[in-house]
Structures are given as C-alpha cells and as structure tokens.
Amino acid sequence: MGVALGLSRPLVVRTVAVDDPGDLITALPTPTPYAWIHHGEGLVGWGEAARVQVPAGPDRFGWARQWLAGTFARAHVDDELDLPGTGPVAFGSFTFDASSPGSVLVVPRTVLARRDGRAWLTTISDGLGGRVDGPFEDTPRPRPLDVPGRIRYSDGSLTAPQWEHAVAQAVRAIRADRLSKVVLARDLTALAERQIDIRILLDRLSTRYPECYTFSCDGLVGATPELLIRRTGKAIESLVLAGTTTRGGDATEDVARGAGLFASAKDRSEHAYAVESVREALTPLCDELHVPAEPRLLVLPNLQHLASPVSGRLTDGASVLDVVAAMHPTAAVGGSPTPVALEVIRELEGMDRGGYAGPVGWIDARGDGEWGIALRCGQISGNRARLFAGGGIMAGSNPADELAEAQTKLRVMQYALEG
C-alpha cells in the first residue's frame, strides 16, 4: 500500500491568470522545487499539498491513476483559465524497474506556469480558505541561489573497466541471439562542499540545453532530450531518440558526424527498434497514429541523435498516465525484446537505476500532461548526487566507444553541478 500525505481535507484549488513572470526558475522560493521546463516555458512548483509513495509492482501506474482520480475528485477547484496544466497538477517520477521502490506523485501547494503567451498561478489551501488577489502576493520571496562549491567524484556501482566488461558481455549475448539490443547504464557519485540547491542546477541546465526538457521531482533532476508522451485532449506526441554521436570540432566535422550517424547501420537499427516499440505500445490506444518513415537529426550542444517525432489521436478515456504505462520501458531505454533486455540489465549493471530512465513529468485533473524519460539526470540528496548515463548496445558495439559516449552524457550533470 502507498503512503499518502496531505489528504486530511479536500484540496481547495484556485488558478488565476497572472502577468508573465519571465524566468520561472528565478521565482522559485525553495531549493527543492518541482519543475518541467522547455524553451523557457512550462511549470514550476513548491510545497506539498498531497504526496504519495506509489507501491512497486506491475500495476503501479494503475494504482497511481486511481490515487490521482480520488485526490482530484475531492478537490474544490476555481479555475478561471481551464487549460492543460491549470487546476490541480501532480508531478511524478517512476522508477525504471517496476519491482523497485521509489516512485512518487506530489501535488505542489503552489504552481507557477507560462505557455503560449499566457501565465497562471495555482494555489492550494488546506480547506480553511485563502485567496490570491494578485500575481505573487501570497508566495514567499525567493531566497538567493546557493552554489554547491567544490565537487569530488568517485566511481558508482562499477568502475570504468568493469562497465566496459559488462558491455562486452552484452555484445556476446546479442551475438549469441539472446536479444537484439540492450541499454546499459552506469552511475557516478558526486560529493559537494555544501548542500546542493536544485534551483541552480535547473538554471544551468535550462539555459544550456533549452531544447531539452529540464525537470525536477523529489530530488531527481536533469535535462532529457526524450519526450515520452505529451497528451492534450485526445492529441498525443512523442519524440523517439536512439542512435547517438558526438558533436564535431568545427562545422565541417559536425556535418560529417551527422551524416555518419545517418549512414550507420548499427545506429539506424537501434533507432528502428525504439520506433517500433513505441508504435506497438501506442497502436492499441489510438484511432490515428503517424510514424515517420525516416528519422531526422536532433542536434544538441554536446551530442547528435537520430530522432523520430510520433503523433496521434487517442481513443476515449485514456489519460497521459495510461499512455505512460503502455509505453514504458521503450526499446530506447531497455532493449529488444524487452523482457530479455530487462533480465540482461539486472545481470550486468550491478545497480538499481532508481528513477533513471524511468518516466518523469506532470499530469492534471483532465488527464493531460507531459512525461519524459529521465535521462541526463542525477538523484540529489543533501550534498550528494548520484549521476547516470547509458547507451544502446548492439552486436557491433565497441566497449571503449560506449564508455566514451556515457562519459559525454555524464558531463551534462557535471556541468550543472560545477557551472
């Protein structure tokens, strides 16, 4: 059974339009916020009106949906905008492995949002009244950002040579026809001089990687390039990423690397597995589904990816959380076939991923929301951080190359910590 907090009284929710707040992160008053930001737009929240630890198990998404339905049904809502993301909103993070504990849903006491030229503020009282008469009259003043100071790193569950050995074992399993692809992750431990202020990580990540979805939920912080699902009414969108190369040292080399990625049989095959797993998951839920025949190139400051934008229209009744349940884990973060890939991950990684490569995002009372895959991220606790990265392993993978790719991905969170 999950552990729920903050439900002694029905939620009293009020959403009002406000002037454009500008940078959402600068409005955050606490160092442990909730956030979902893309190109400067999205939602940020603080405080906790309700919270639940979702029990591990195969039906965890169904359990979470039931808890949310009950929580939102008991709420008294005054919403003058009635848009996706207005009214009560829950931020969530689910562990990669359904059998691992640590999945959580939180309804913040305050949510500030901006999107498509509009901005709003949602506040939740404890049922004893309360009113917002202006943009930020009832919100605390933001406290200054605290830099974490000097950062020291140490090996996580496996050393670099041990992880290369795990990659080599995965390649042997693939060549022996046990599976077609597996995604292996590694972790790195960081220790800061002072407590880590999550707001400074969000600020650095959203500024440097605006194309990514910068997120924060229950200490899990990162900037993921991969949109698992966005639901707006019946319309859904997903961005499938698989196949990666680094950026070039100049424009000519950059173009050549991108062309090489498109021409790579390994990367195109890896991408095809990921796209097909999304197609299989979404087809039963959709009246319409559009999957591009060819990927495009997504160019980020540090990496280039093969990307396929998928869109469709849901049949009646499916919330964004239902779609998340159907899609996770995709071949982009697990492998193919999925059950065998999960076995190999448990055998070779030597760690529990926690929320890494699990779904992270938000959902409102309409069932609308946005969820990404928690990549390029770290789990923050006090002055400690556990950083994660990984990559898709295929029959032609080279362990040294895969290690170099993982180290490049780890630099995203190292930059967030060090500045």
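Modeller: On a 1 Å grid over the protein atoms alone, a pocket is an open set of points where a 1.4 Å probe fits, with protein on both sides within 12 Å along at least five of seven lines; lining residues have an atom within 4 Å of a point. Points are joined across faces, edges and corners, and a volume is the space filled by probe spheres set on them. This is a predicted model, in which local features need pLDDT of at least 70, side-chain atom pairs count only at pLDDT 80 or more, and totals for chains, interfaces and linings use all residues. Residues are numbered from 1 along each chain as its sequence is written, and side-chain values use heavy atoms, without hydrogens and water.

Biologist: Which residues lie nearest the centre of the largest pocket?

Modeller: The largest pocket holds about 300 Å³ of space. Its lining has 17 residues, and Glu-41, Arg-115, Asp-116, Arg-230 and Glu-370 lie nearest the centre.

Biologist: Which strand gives the most to that lining?

Modeller: Strands (E, at least two residues) and helices (H or I, at least four) are DSSP runs, numbered from the N terminus. S15 gives the most to the largest pocket, 3 residues.

Biologist: How many residues of the lining of the largest pocket are charged?

Modeller: Asp, Glu, Lys and Arg count as charged; Ala, Val, Leu, Ile, Met, Phe, Trp, Tyr, Cys and Pro as nonpolar; the others, Gly among them, as polar. The lining of the largest pocket has 7 charged, 6 nonpolar and 4 polar residues.

Biologist: What is the volume of the second largest pocket?

Modeller: About 240 Å³. H8 (399–418) gives the most to the lining of the second largest pocket, with 5 residues.
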